[in-house]
Amino acid sequence: MRSRRGITEQFWASLREEKRMCWKLVVWAITMMGALFVGTTGLFYFDKVVGGLASLAALLVIESQRNFGKWSPRFRKIVLRAAINLPAIAGALLGLLFFVGFFYSLIASVSRDLPAASSSNLAIVLVTVFGGVGYAIFKTYRDLQMEEISFSLPRIELRKLLVDRPFVAKSPYEFVFFELMVAAVAWLFSGFAAAIVVGVLGV
């Protein structure tokens, strides 16, 4: 792996230790508070897990770009893979959650409209309904290329940003912009996850 500095490493190195500590506290507070309270469903454990994971991913990206050049090549690979793959996997799970929710809503709607069936025919009816709707959902998922949109595309774009580094923060404004944008993406993920769960469960 090429020995290169992180996106914010050059500017971060120019700051005094006191300023670094103050800014770290600001970013931690903004990231944690935003991810935990921007998207809420009322489901305590779900909100905290999603918010915590979103915050962890954001802080991983931010911290890795501050100190990238100081780490060994092996550790840099591990951190980069985590920073690229974890958000991509989270996006894929979010897309899958949306389709599972749609599947659940559709099954519930169809089940309400089914005519009353005897116990001997109930299993056949349910298998037919679940099979048909499941196939329709799977085909729609593939036809819309949701795997590419929710997983492959974010992974490619993250790789371009963190590995190719077309953008390097050289001024205070660029530095603040990059780190706050990373935190904002964590907020958006939490908000989307909460919106999908609320829409599916009606909580």
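Biologist: Where is Gln65 found, and is Gln65 buried or exposed?

Modeller: Since the model is predicted, everything I say describes computed values. Gln65 is found in helix α3, which spans residues 44-67. A residue is called buried when its relative accessible area is under 20%, and Gln65, with a relative accessible area of 0%, is therefore buried.

Biologist: Which residues does Gln65 touch, leaving out those up to four places away in sequence?

Modeller: Gln65 touches Gly6, Ile7, Thr8 and Glu9, and also Leu162, Arg165 and Phe178. Within helix α3, where Ser64 is found too, the side chains of Gln65 and Ser64 are joined by a polar contact of 3.4 Å.

Biologist: Is Ser64 buried or exposed, and what lies 2.8 Å from a polar atom of its side chain?

Modeller: Ser64 has a relative accessible area of 2%, so Ser64 is buried. The backbone oxygen of Val61 lies 2.8 Å from a polar atom of the Ser64 side chain, and, apart from neighbours within four places in sequence, Ser64 is in contact with Trp71 and Val79.

Biologist: How should I read a nonpolar core, and which residues of the largest one touch the most other members?

Modeller: In soluble globular proteins, nonpolar side chains tend to be buried together. Here the largest nonpolar core has 22 residues, of which Val61, Leu162, Phe175 and Val182 touch the most other members. The elements giving two or more residues to this core are α1 (9-14), α2 (17-37), α3, α4, α6 and α7. Leu162 touches Val61 and Gln65, and also Ile7, Leu80, Ala83 and Ile84, when residues up to four places away in sequence are not counted.

Biologist: Is Val176 buried, partly exposed or exposed?

Modeller: Val176, which is found in helix α7, has a relative accessible area of 30% and is therefore partly exposed. Although Val176 and Trp23 are 153 residues apart along the chain, their C-alpha atoms are separated by 9.6 Å.

Notes:
Residues are numbered from 1 along each chain as its sequence is written. This is a predicted model: local features need pLDDT of at least 70, side-chain atom pairs count only at pLDDT 80 or more; totals for chains, interfaces and linings use all residues. Side-chain values use heavy atoms; hydrogens and water are left out. Helices (H or I, at least four residues) and strands (E, at least two) are DSSP runs, numbered from the N terminus. Buried means under 20% relative accessible area, exposed over 50%, partly exposed in between (1.4 Å probe, protein chains only). A polar contact is a pair of N or O atoms within 3.5 Å; within protein, one must be able to donate a hydrogen and the other to accept it, and residues adjacent in sequence count only if both atoms are side-chain atoms. Contact means heavy atoms within 4.5 Å. A nonpolar core is a set of buried Ala, Val, Leu, Ile, Met, Phe, Trp, Tyr and Cys residues joined through side-chain atoms within 4.5 Å.
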